[in-house]
Amino acid sequence: MGMNVSRQVDLTENEYLQRFVGKTHVPAYDDDFWNNFLQYHINLPTNSQEQLSLDSRLESLCQSFISHNLHTGNFGSLINTFLLKVSELLTLSDTESNVHIWHAFNALFIIRCLVKYMIETGSEYQLLQHFEALPVQASEIDTTSNETGSVGTSTSIPIDVRTAEETKAAVATLVDGTKFETFLEALVNIIVVIPVKEFTYHLHLEAVNCMIILLSVSLFSQQTMEKSTIYRTIYRCQHANTLMSALLHFLSRMSQAPQTMFGFGTGGSFVFGIAESLWSILTFARKQPDILTAHDLPTAFREHYPLANQSLLLILILTNHHATKDNPYRISLFGCSDSQDSPKEDPATFKIDFSSLYSTLCRIVTIDQATLLLYLLLYRNQRFQKYVMAQQNLQQLVIPILQTLYNAPDSTSHHIYMSLIVLLILSEDDNFNKSVHQIMLKNITWYTERSISEISLGGLLILVVIRTIQYNMLKMRDKYLHTNCLAALANMSGQFQSLHPYVAQRLVSLFETLAKKHARLDQQLKTPNAPNGEPDVSIPIGSGLTSEDMLQDLSVLEEVLRMVLEILNSCLSHQLVYCPNLVYTLLYKRNVFEAFRSHSAFQDIIQNIDMVVGFFSSRLQRVQEQRGELGVNEVLEVISKGASQWSSDRLRKFPDLKFKYVEEDAPEEFFIPYVWTLVCKAGCVHFSSETIKGVSAEIVC
């Protein structure tokens with residue numbers, strides 16, 4: 001479509017563009033102008049470089065538009081033309097609507113470019129001024145711009161030029177938001193009413209993109225969103241349920257973008273009889289992946305399934321703003337139900353096929369924005385959480401999340417954090433904790449620490465979470481990440497079963513590693529220099545820190561050590577008979593607990609571990625006296641027989657480990673910058689990072 005990338009077209013020489021951004025008014029009923037103006041072809045820019053190229057070629061035109069539109073009202077004429085096209089689309093059949101769809105898309109793309117430029121360079125009030133501006137001396141002409149019966153052959157109407165003060169006074173009374181509300185309704189109608197088909201796909205995509213652009217006003221303004229006319233209008237929309245339903249369906253169905261836009265080149269399904277005379281915008285050459293590959297899933301998802309990707313991002317924007325206030329989109333998402341549920345179920349905001357949604361999330365859950373949506377649904381939508389917990393194929397959801405954690409250096413800290421929160425929420429369910437140990441996995445090739453031919457899903461989960469804790473101790477030193485990792489393991493500990501020998505070793509080794517760090521840090525606090533007089537450089541956790549920092553780290557370490565002991569104790573108290581490999585490892589590593597037997601923070605719980613170790617140690621000693629040296633299998637046999645005679649009543653009782661994730665107060669402070677970072681980095685729409693000021697300085701486009 002369009003032209004080769006090497007052909008540079010000077011858009012400023014195009015007569016239709018010049019008239020549109022110039023000093024003369026173009027009425028909405030001038031069909032001859034609009035039919036020619038809206039007949040062009042474009043491949044949408046899909047990355048920052050392509051967007052920058054387009055923006056630079058449009059900048060002088062946008063500046064001319066800003067200079068003249070408050071006098072000419074041409075933006076209002078374009079809006080009216082777009083509204084007319086959309087209203088006609090809603091009544092036309094497929095065979096009749098092709099040209100209307102093409103024109104509506106082109107009009108909407110121009111609107112989107114102009115709105116984006118105005119948001120990035122001006123204020124929201126100025127944007128709304130341009131929406132409502134009428135021709136200064138021809139306002140009576142625009143009153144007929146919504147009529148559908150006139151066929152225009154008229155020429156542009158020259159108008160007088162007023163001073164800036166006179167113009168501002170003339171249009172001030174017109175900025176009441178009515179045309180913007182009508183425009184927003186048209187966007188919603190495109191999304192929720194027009195079926196998604198091959199030749200409508202890009203119109204739907206453009207409508208979603210335009211809503212994202214409008215909401216991006218929060219990026220470029222320091223005013224609170226409660227004062228934003230755009231936000232107030234969008235959040236009082238009466239069609240929140242149908243809009244959220246449509247967006248979630250776009251994601252769930254994951255329709256692949258057609259290789260051509262509007263059926264062009266597919267054998268005549270679209271008529272381009274006057275293509276030779278059309279003006280064109282640069283076509284961007286790009287290489288698309290053939291499949292949704294795991295090694296570059298975010299890029300493949302964005303380029304192959306842009307409507308699903310942008311719909312997902314728009315869902316996140318709509319639901320995370322006004323999170324603590326009356327947000328109809330948030331209520332809608334959290335109140336939806338499975339379309340397969342019985343009609344007798346409690347009323348739902350809308351229905352969607354949970355099976356399809358779950359399947360899609362399993363495919364893309366390693367993508368940052370998909371993890372965030374999964375978190376919202378699991379935490380806030382009880383129906384969806386119940387559905388997920390009942391699934392027999394939980395490995396399809398859990399394994400990709402574990403891969404994200406395993407490849408932590410390749411992910412953002414936010415993505416790691418949200419992945420852990422999802423595991424924590426899942427671990428709150430006893431059935432989940434039981435079933436993960438019954439799902440057996442073979443040949444997990446991405447886990448490279450050790451070759452394991454077969455392991456339970458629960459065992460793999462334990463290994464990856466332990467690895468995340470150790471990575472965090474070395475790299476991130478985030479207390480909350482520790483807490484969430486250990487909380488998930490603690491919730492599962494009462495259901496640990498058939499632990500692989502390597503899993504049992506890693507559990508005890510985790511305590512051993514932390515104990516060594518504790519000893520070194522404690523020693524450094526007591527004697528700042530090592531025995532040879534040089535600083536002890538083997539203590540990365542205390543490196544470059546003050547004594548107060550090291551004391552705080554020591555306190556955190558003690559909390560973590562205590563939780564690891566509680567996890568071991570919980571397993572021994574509830575599942576000892578099913579975990580002979582853990583008992584074997586405790587017998588083998590009994591010395592790692594020696595330094596903590598007299599520590600006031602650990603004495604009580606280590607007594608339980610010592611009691612278990614002592615019981616099985618005595619039995620092994622008696623058997624050895626009878627048989628001689630025992631092999632590994634013989635030791636495990638003795639442990640298994642002893643476990644059948646063991647009574648957990650001997651152990652001191654501790655409260656069951658049950659942790660529940662609770663979202664902190666003011667979640668917007670965390671989620672809004674996070675969501676807009678995702679929009680900038682993972683979306684199909686790209687913004688000017690130089691003028692971002694409203695949400696977070698961390699956002700990088």
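Residues are numbered from 1 along each chain as its sequence is written, and side-chain values use heavy atoms, with hydrogens and water left out. Because the model is predicted, local features need pLDDT of at least 70 and side-chain atom pairs count only at pLDDT 80 or more, whereas totals for chains, interfaces and linings use all residues.

Two packed helices are described by the angle between their axes and the distance between the axes. Here helices (H or I, at least four residues) are DSSP runs numbered from the N terminus, and axes are lines fitted to C-alpha atoms over the stretch in contact, with angles from 0 to 180 degrees between N-to-C directions. The axes of α12 (residues 240–253) and α14 (residues 306–320) come within 8 Å and cross at roughly 140 degrees. That makes α12 oblique to α14; angles under 35 degrees count as roughly parallel, over 145 as roughly antiparallel, 65 to 115 as roughly perpendicular and the rest as oblique. The crossing of α12 with α14 is left-handed, meaning that the near helix is turned anticlockwise from the far one by less than a right angle. Contact (heavy atoms within 4.5 Å) joins residues of α12, including Leu243, Leu247 and Phe250, to residues of α14, among them Leu307, Ser311 and Thr319. By class, this contact of α12 with α14 has twelve nonpolar, two polar and no charged residues, where Ala, Val, Leu, Ile, Met, Phe, Trp, Tyr, Cys and Pro count as nonpolar, Asp, Glu, Lys and Arg as charged, and the others, Gly among them, as polar.

His249, found in α12, is buried at a relative accessible area of 18%; buried means under 20%, exposed over 50% and partly exposed in between (1.4 Å probe, protein chains only). Not counting residues up to four places away in sequence, His249 touches Lys351 and Ile352. In α14 sits Leu316, which is buried at 0% relative accessibility. Leu316 and Trp676 are 360 residues apart in sequence, yet 9.0 Å apart in space, C-alpha to C-alpha. Beyond four places in sequence, the contacts of Leu316 include Gln369, Leu372 and Val675.

Leu128, Phe131 and Glu132 in α6 meet Thr178, Lys179, Phe180 and Phe183 in α9, a contact of four nonpolar, one polar and two charged residues.

Phe131, Phe180 and Phe183 also belong to one aromatic cluster, whose members include Tyr16 and Trp34. The whole structure holds 36 aromatic pairs; rings of Phe, Tyr and Trp (its six-membered ring) pair if their centres lie within 6.5 Å, with planes under 30 degrees apart stacked, over 60 edge-to-face and the rest tilted. Phe615 and Phe616 form an edge-to-face pair, 4.9 Å centre to centre with 90 degrees between the planes. Phe615 is buried at 16% relative accessible area, and Phe616 is buried at 1%.

Finally, the backbone. Most residues other than glycine have a negative phi. Met254, in the loop between α12 and α13 (297–304), has a positive phi of about 45 degrees and is buried at 6%. Ser498, in the loop between α23 (479–493) and α24 (501–526), has a positive phi of about 50 degrees but is exposed at 56%.

Notes. Helix = DSSP H or I, 4+ residues; strand = E, 2+ residues; numbered from the N terminus.
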